[in-house]
Amino acid sequence: MKFRVSYRLPMFFNHTRGGYLHNQHRCFTSLFKKLRTTTPARASVSGGHGSSQGDSFLVPGATVATLLMLGVLHARRLYDDKKFEEAREKGIELEFQPDVKAAFLGLLPLRSISRFWGFLTDLELPVWLRPYTYRAWARAFHSNLDEVALPLDEYASLRQFFVRTLKEGSRPIDHDPQCLISPVDGIVLRCGELRGVGAMIEQVKGCSYSVSSLLGASSFLPMIAEGGVQEESDEQENTSKEKSKKSWWKISLASPKVWDPVSVCPMKGLFYCVIYLKPGDYHRIHSPVDWSILVRRHFSGRLFPVNERATRTIQNLYVENERVVLEGLWKEGFMAIAAIGATNIGSIELFIEPELRTNRPRKKLLHSEPPEEHLYEPEGVGVMLKKGDEIAAFNMGSTVVLVFQAPISKSLENGDSSSEFSFCIKRGDRVRVGEALGRWQDF
């Protein structure tokens, strides 16, 4: 495919540093002036007077570049997603197979590319072009425009359209107090109970990652030493359940801050759910239960893609990528939500902390720098949210990992727990915000 270069754009061939900076500044100044000033097309009056030169509108070069990038970046994703869905319908489970392309991605400046993409999607589109652009996007990625809260021409940029709100009633919330709802629209990749040493989650067949690596070494994840006394953990659970409902968020967080994931196991009744959001999905994250957010952790990692092909070819994908982790407590114990960034999705908006900025230029080149941690209300109350409240949003598509404690029965058989909590969904199901992920009963 050949691309035609517009000769209206200035080319930088100055060899001196001063001349280069001068021309660069002049170029960007001229570009922003063109983007901010639009020439409205003048309608022809009955007499047909006026010059035709003023009746035409020249689409800015940045807008054309944005539209081209939309097609180029996601044509391959559409193809891969289609192949994956066909294999899943046939009952074929694809295994982890690293390839050369995945290794090559690590050499690309994906963070810088994502920041540039964010700049393009923030550019204001001409009013007349907005409905055509968004309808084309909806056809390509199967978005339901009937749910959009505002007229299409009121979304000034692609970014505003990506993080759009929905009409009231589009996502009814299941308010059953013994129900945990989906925080996002998407496809369930994995779900189940955390068991065994290290509390591993299967990314894809043949490749797993530990929950402690995903949430961070300082996580309050309820873990116990391998071979520890089960009676001790049962006693802690009973003590927690005896707490008053008015003060359940004040449960002490005196669990170990650092542990060796090789020698510890998750406590009984610890579950997880991994949900993948496609580019055409609704991109806001909602609260799955009534809970209190106590800690926010921001990991400034890589920005690999997180589509189906990437999960099969990139090891420790969710642990390597930039992410925002929210941890807290609800009436049944521990709760954590990890919003995973991806290529072109480095910007994760946190509604409870608007000043948070993700995908910032890093001073260090190392990807293993410690996360930035923020404690909400050191007194232990935190940020209180109701089921269904908006928490965050990110552009395009990405992944959310939910880790939580849920009720389990007291009866033990051969050392295994018979869980009262059970998932209402299974791997491969499509879920929407407000729909039940799982329920439990009190006996």
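This is a predicted model: local features need pLDDT of at least 70, side-chain atom pairs count only at pLDDT 80 or more; totals for chains, interfaces and linings use all residues.
Strand E10 has paired neighbours. Eight bridges connect E9 with E10, and the two strands run antiparallel. Within this pairing, Arg296 stands opposite Leu326 of E10. Strand E11, residues 333-340, also pairs with E10 in the antiparallel sense, again over eight bridges. Here Trp330 faces Gly333 of E11. The link from E10 to E11 is a hairpin of two residues. In general, the strands of a sheet pair through backbone hydrogen bonds, in either a parallel or an antiparallel arrangement.

The protein as a whole contains ten helices and 21 strands. Of its 443 residues, 46% are buried. Its accessible surface amounts to about 23900 Å². Carbon and sulfur atoms account for 55% of that surface. Contacts were also sorted by sequence separation. Among contacts with a separation of 6 or more, 79% are between residues 24 or more positions apart.

An open sheet of three strands was also found, with the order E8-E15-E12 and antiparallel pairing. Its edge strands are E8 (284-286) and E12 (348-350), each of which pairs on one side only. On average, neighbouring strands of this sheet are turned by 20° against each other, direction ignored. E8 pairs with strand E15, residues 390-394, in the antiparallel sense. Three bridges make up this pairing. In it, His286 stands opposite Glu390 of E15.

The side chain of Asn307 makes a polar contact with the protein backbone: the backbone nitrogen of Ala310 is reached at 3.0 Å.

Helix H4 covers residues 110-121, twelve in number. From its first C-alpha to its last, the helix reaches 16 Å. That span is close to the 16 Å expected at 1.5 Å a residue. Several residues of H4 are buried, namely Leu110, Arg111, Ser114, Trp117, Leu120 and Thr121.

Phe119 also lies in helix H4. Phe119 counts as partly exposed because its relative accessibility is 28%, which falls between the limits of 20% for buried and 50% for exposed. In sequence, Phe119 and Arg159 are 40 residues apart. In space, the C-alpha atoms of Phe119 and Arg159 are 9.4 Å apart.

Notes: Residues are numbered from 1 along each chain as its sequence is written. Side-chain values use heavy atoms; hydrogens and water are left out. A polar contact is a pair of N or O atoms within 3.5 Å; within protein, one must be able to donate a hydrogen and the other to accept it, and residues adjacent in sequence count only if both atoms are side-chain atoms. Helices (H or I, at least four residues) and strands (E, at least two) are DSSP runs, numbered from the N terminus. The expected span of a helix is 1.5 Å times one less than its number of residues. Buried means under 20% relative accessible area, exposed over 50%, partly exposed in between (1.4 Å probe, protein chains only). Contact means heavy atoms within 4.5 Å. Accessible areas come from the Shrake-Rupley method with a 1.4 Å probe; for residues, only the protein chains shown count as cover. Two strands pair if DSSP finds at least two bridges between them. Axes are lines fitted to C-alpha atoms, for helices over the stretch in contact, and angles run from 0 to 180 degrees between N-to-C directions.
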